[in-house]
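Reader: I would like to learn how to read the contacts in a structure. Please show me the model before we start.

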Amino acid sequence: MTHPFMDPITRRQLLRRAAAGGVTLSLPGLLAACGGDGGIEGQQPETGATGATTVEQVLADEITVSNWPFYIDQNDEASTFPTLEQFTEATGVKVNYLEDINSNEEFFGEIQAPLGRGQSIDRDIIVPTAWLCARLLRLGYLQKLDKSAIPNIDNLEDALRSPDWDPNREYGLPWQTYITGIGYDPKKVGGEITSVEQLLDPALKGKVTMLDSVEDTVGLFLLDMGVDPTDPDPTAFDEVIAKLQKAVDDGQIRQFTGNDYTGLLAGGDAWASIAWSGDVVILQADNPNLEFAIPDAGGMTSVDTMVIPTGGDVYTASTFMNFFYDPEIAAQVAAYVNYITPVKGTKEAITEIDPALAENPLIFPTPEALENLYEYSPEAIEDTEVQEKWQAVIGA
Amino acid sequence: MTFFHRHRWLTPYVLLAPGLAFLFLFFVVPLYYLSYTSLQEGTVQIGYTFTWAWENYSTAIRQYDKQFIRSLQYAGIATLLALLISYPLTYWIAFRGGRWKSLLLLFIIAPFFVTYLIRTLAWQNILSDDGFVVNVLQFLGLVSDDGRVLATSTAVIAGITYNFLPFMALPLYVSLEQIDESLIEAAKDLYASSTKAFLRVTLPLSMPGVIAGTLLTFIPAAGDFINAELLGTPRQYMIGNVIQSKFLVLTDYGQAAALSVILMAVILVLIVVYTRLVGTERLAG
């Protein structure tokens, strides 16, 4: 079995561009002042092999980022984003931060039409999951990063440096790595949950939600059957589909959701949900009883990755990525979102915020825990037949 | 002598031109494009080609007959409920509203100032399993103790009824408001009971409103997907949900377009039958 953390590490020779980066960090205020309207054309510098800062490297006035909900630090009133404010302070670039990715499939459906026509989607950075990034790249919807603006790329965790879809990290940088498991309220469920099979217990009828992404939901059920989801066996897949179809017909499953399961779980309409690790920690603010469990049979995982779609401002977007690859910044984000951070040095930085966080298994899982996490085969997700069977179950 | 005096026969066409242009641009062209798409096959990855893919239609009907029937059922029930709620309501406003008429009407339209999605999401909260409404219903024994309202057909139909009620109420109000009250008085002078006066005078005179209202409610309700998605479960999904996911999630444009064309055709047939039964001339009042 392979998964992102256990890949044989192929250390890539990453060109150090500290000098160029230094210019980037010290000049942005000045540059932003004469940055014009932050237009789309003419601001995608060709970075030569030397990575010299070219004249076109001008920061835009504003950057638009599309991300998932609960995926960045917020202040207590949940009204501002401290790290984004720090970015604006450091660079003068305002951030238009949209939490508008609810599910990969839905998001793709929304952006596909304009991108397919070669038009901008008015986003400089989007953060889809790795398999969708691979598809976007294949379709020619992505722009190369300006690595001369990302000296902090050196802080990228070794295990994440060379994914199959982008072996040299030319098109995307990880935002966070997530774990799919089960979020639940032990008081309502009446005990601990250690396997997804328990979600099919008639006692929970109508109180269970599952994710509408095949890799998360089917992945967990395959693991429960002892089947490897990194290369799912079609017969086992059909078995899971039949099992879930029966659960839908019986009214066991209340809804298949994207990230919007959070409202149902926090509000108590769902007692147990297939959920993403960090979300549940944040939801504990609303409902302190909630717990997150990785099933004994294993959890699913993948890497949500920052990429620059057609029309995005490459230099500004790359500068933004560089900012979040500073361990101090990554630590602030990780301390709030509770997902596995891709930035080296975050553990040291987070100790200063709260030493307990450095021991948090959701942010810094032990090697044993990592070994029990699996990434669903991207080819299987892209398989038309798989998707058709899956969509039939989730109600379309 | 102007040009139009010399060519009188042209006048109606000139007057119709803007309307015809509008219909052509925003009805004929999209309809053509939709039908064209419905006969295409392919995927985002390999592109879409026009192949007279009639199987889009046959698979659509075979696979999604349940959702079609469900959509028509839900929309039908919701339309009926909206009519039963709106008629007494608008009757009262039209005949007894007095100087408060405008304000009362405003109350009916008021929810429209909030977006559709937010209104429906609010119902998600109101009907939540541990919420006040469900607790009261459980106390009254209308819902079993472990029962719920949200994520059932009841919630979906209620949501549709609520969301489309103004489309029913406004045309009803207009036709009721126009009724000359002296006609009702005359009926009573001729010894008609209140019930008889209502059945023989008010109701027939308000039929244009009833017909317009039911059509305006039923047609969008049959294609709705928001209510089923937010207030229902996959077991309540309507044909709109299927079309939405085919268009936006699976990017299976051919099937999605075929489903849309079928939905239009089915609704068209139903409307023709309906108007034949109740008589379209009544629409003219």
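Reader: At what angle do α4(A) and α11(B) pack, and how far apart are their axes?

Author: This is a predicted model, where local features need pLDDT of at least 70, side-chain atom pairs count only at pLDDT 80 or more, and totals for chains, interfaces and linings use all residues. Residues are numbered from 1 along each chain as its sequence is written, and chains are lettered from A and ligands numbered from 1 in the order in which they are written. Helices (H or I, at least four residues) are DSSP runs, numbered from the N terminus. Axes are lines fitted to C-alpha atoms, for helices over the stretch in contact, with angles from 0 to 180 degrees between N-to-C directions. Here the angle between α4(A) and α11(B) is about 70 degrees, and their axes are 7 Å apart. α4(A) is therefore roughly perpendicular to α11(B) (65 to 115 degrees).

Reader: Which residues of α4(A) and α11(B) meet?

Author: Two residues are in contact if their C-beta atoms, placed from the backbone, lie within 7 Å. A:Glu105, A:Glu106, A:Gly109 and A:Glu110 meet B:Phe247, B:Leu248 and B:Val249. Ala, Val, Leu, Ile, Met, Phe, Trp, Tyr, Cys and Pro count as nonpolar, Asp, Glu, Lys and Arg as charged, and the others, Gly among them, as polar.

Reader: How many residues does each chain give to the contact?

Author: Chain B gives 21 residues and chain A gives 21 residues. On the side of chain B, helix α11 (residues 239-249) supplies the largest share, seven residues. The side of chain B that touches chain A comprises ten nonpolar, six polar and five charged residues.

Terms used. Helices (H or I, at least four residues) and strands (E, at least two) are DSSP runs, numbered from the N terminus. Angles under 35 degrees count as roughly parallel, over 145 as roughly antiparallel, 65 to 115 as roughly perpendicular and the rest as oblique.
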